[in-house]
Amino acid sequence: MEESELIRRAQEGDSEAFSVLARTHRNSLVQVAYGFLRDKEEALDAAQEVFLKAYRKIHSFKSESSLYTWLYRITVNHCKDRLRS
């Protein structure tokens with residue numbers, strides 16, 4: 001199934017479709033988080049929290065960018081917030 005179809009289904013509340021999207025992007029986002037946090041466990045935790053945020057906000061994704069770009073921005077902002085606290 002194409003990513004656009006998975007996104008549409010996730011926006012309609014299909015948690016399995018969101019799980020497929022999360023599995024697709026998980027490793028990349030963990031790497032992004034690790035680049036900021038420099039700790040594997042912290043990066044894994046951050047990625048998990050990012051996916052929770054994304055799941056809650058998937059309805060606001062407007063496909064003006066790729067899903068990865070949207071998730072990347074959430075990850076960067078989340079990691080910056082973690083480093084500030």
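## Basis of the model

This is a predicted model, in which local features need pLDDT of at least 70 and side-chain atom pairs count only at pLDDT 80 or more, while totals for chains, interfaces and linings use all residues. Residues are numbered from 1 along each chain as its sequence is written, and side-chain values use heavy atoms, with hydrogens and water left out.

## Thr-75

Thr-75 lies in helix 4, residues 67–84 (a DSSP run of H or I of at least four residues, numbered from the N terminus). Thr-75 counts as buried because its relative accessibility is 0% (buried means under 20% relative accessible area, with a 1.4 Å probe and protein chains only).

A polar atom of the Thr-75 side chain is 2.8 Å from the backbone oxygen of Leu-71. Beyond its neighbours within four places in sequence, Thr-75 is in contact with Leu-29, Val-32, Ala-33 and Val-50 (heavy atoms within 4.5 Å).

## The largest pocket

The largest pocket holds about 220 Å³ of space, and its lining includes Phe-18, Arg-23, Arg-26, Gln-48 and Tyr-55. Helix 2 (15–37) and helix 3 (40–57) are the elements that each give two or more residues to this lining, which divides into eight nonpolar, two polar and two charged residues.

## The largest cavity

About 30 Å³ of space lies in the largest cavity, which is lined by Phe-18, Leu-21, Ala-22, Ile-58, Leu-67, Trp-70 and Leu-71. Helix 2 and helix 4 are the elements giving two or more residues to the lining of this cavity.

Definitions and conventions. Buried < 20%, exposed > 50% of the residue type's maximum accessible area, 1.4 Å probe, protein only. Polar contact = N/O pair within 3.5 Å; in protein donor to acceptor, adjacent residues only side chain to side chain. 1 Å grid on protein atoms, 1.4 Å probe; cavity = no way out; pocket = protein on both sides within 12 Å on 5 of 7 lines; lining within 4 Å. Points joined across faces, edges and corners; volume = space filled by probe spheres on them. Nonpolar A, V, L, I, M, F, W, Y, C, P; charged D, E, K, R; others polar.
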